Amino acid sequence: MAGVAGRLARRWCSGALRSPLQITRFPALQLHVCGPAMRASQKDFENAMNQVKLLKKDPGNEVKLKLYALYKQATEGPCNVPKPGVLDFINKAKWDAWHALGSLPKETARQNYVDLVSSLSASSESSGQVTPAADRKQPGSDALVVTSRDGITTITLNRPDKKNALTPQMYHDIMLALEAASKDDSAITVLTGNGDYYCSGNDLTNFTDIPPGEVEERARSGAVLLRDFVDCFIDFPKPLVAVVNGPAVGISVTLLGLFDIVYATDRATFHTPFSHLGQSPEGCSSYTFPKMMGPSKATEMLVFGKKLTAREACTQGLVTEVFPDSTFQKEVWVRLKAYSKLPPNAMRISKQVIRNREKEKLHAINAEESSILQERWLSDECMNAIVNFLSKKAKL
Ligand SMILES: CCCC/C=C/CC(=O)SCCNC(=O)CCNC(=O)[C@H](O)C(C)(C)COP(=O)(O)OP(=O)(O)OC[C@H]1O[C@@H](n2cnc3c(N)ncnc32)[C@H](O)[C@@H]1OP(=O)(O)O
């Protein structure tokens, strides 16, 4: 097995090994523990498949083969494909692992799969920081990871190599994730980032490769997307929590005014460089920021692009509480797990009492900001700023 494992490891490292042994295809971390008497549901299984993307470290080839075998058994039943040739090392190792499960019932394989993932998760749970493998970074596929456990649905921005900049696909996927979270049985929904950044805002390459003659149409459809996206935050019915694990830029900052709680590491900064980019405020920040911090502090941020530390943001009311980076994940998740045990309907109704009377106003502000930004995107100031960023002349 060691020889096969070594070859598998090299293939994984070289990226040559794609599905189904690719780790993203596997399920994994089901983090709530099912006792022996419990049966893992299809939802538990799907959760585990999503959770595997958040494994902090490669579990090793032996474990991957076990996961593979259990996944195949759970979804297709006993091994029913011909044995690969002896020189086809990888497929033979996979086949051996699956075949070894014999006639294990699908339900048992599903439960074992969930249990295995649960045990893997125990060691990676403490920090909550994720270091995904290189083959898990394709935009549009794994750029967003959604998990549900302990009454909390967590939406994780997962493009750490691009500081979690938001692509159009991610805007759509976040909207879908919020829609699903609003209906699932979780009590609280969390948005967070993987890696050293929370989010660097809109992906500035969204403005590139626009064919001549389509610029205005792209600005128009961008404004529609922005408006729909922000509307989802305005309307979100359950307590919505931002776990700000690092610096935040642009729309990821402005949206915080629509969250119910914002927890930040002391390493986080908050930066809305709209004027530098030839752009204007969005995310209802033209209303929420002056309301929470007063007009002049809001102007410093939204007009002059002043970057706030986490503690300054907390003083201004944008952040609820700041935690030392070394204990951030642990402290925040302990707190959120405790909150998630409160009666969910009471929390939902209380949120609505607090927020509902502003909703209509927020929708109108969102519409206005989106329309102004649509014009801004067509301006020379905006074009020049983006060209500067892309040619690396300007760093914010
Ligand atoms: C349709 C809805 C529209 C909503 C509109 C929203 C408006 C906004 O959100 S405005 C804010 C836009 N964001 C920015 O202007 C941030 C730009 N990024 C930076 O200034 C810097 O990258 C950084 C300060 C965030 C980080 O600097 P650092 O030196 O630590 O790392 P980098 O080497 O610059 O970044 C690594 C890698 O990531 C790419 N990247 C980072 N942010 C973005 C981004 N917003 N868009 C596209 N790409 C981004 C950066 O280019 C690097 O890529 P390479 O490794 O390929 O060079």
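Ile 261, Tyr 263 and Thr 265 point one way from E6, while Val 262 and Ala 264 point the other way, and all are buried (under 20% relative accessible area, with exposed meaning over 50% and partly exposed in between, for a 1.4 Å probe and protein chains only). The model is predicted, so local features need pLDDT of at least 70 and side-chain atom pairs count only at pLDDT 80 or more, whereas totals for chains, interfaces and linings use all residues. Residues are numbered from 1 along each chain as its sequence is written, and side-chain values use heavy atoms, leaving out hydrogens and water.

Strand E6 covers residues 261-265, and because five of the five are buried, the strand is largely enclosed by the rest of the structure. Strands (E, at least two residues) and helices (H or I, at least four) are DSSP runs, numbered from the N terminus.

E6 has neighbours to pair with, where pairing requires that DSSP finds at least two bridges between two strands. With strand E4 (residues 240-244), E6 pairs in the parallel sense over four bridges, and Ala 242 stands opposite Val 262. With strand E9 (residues 321-323), the pairing is also parallel, over three bridges; here Val 322 is the bridge partner of Ala 264.

An α-helix has 3.6 residues a turn, so residues three or four places apart point the same way. Just after H14, Lys 392 takes a positive phi of about 65°.
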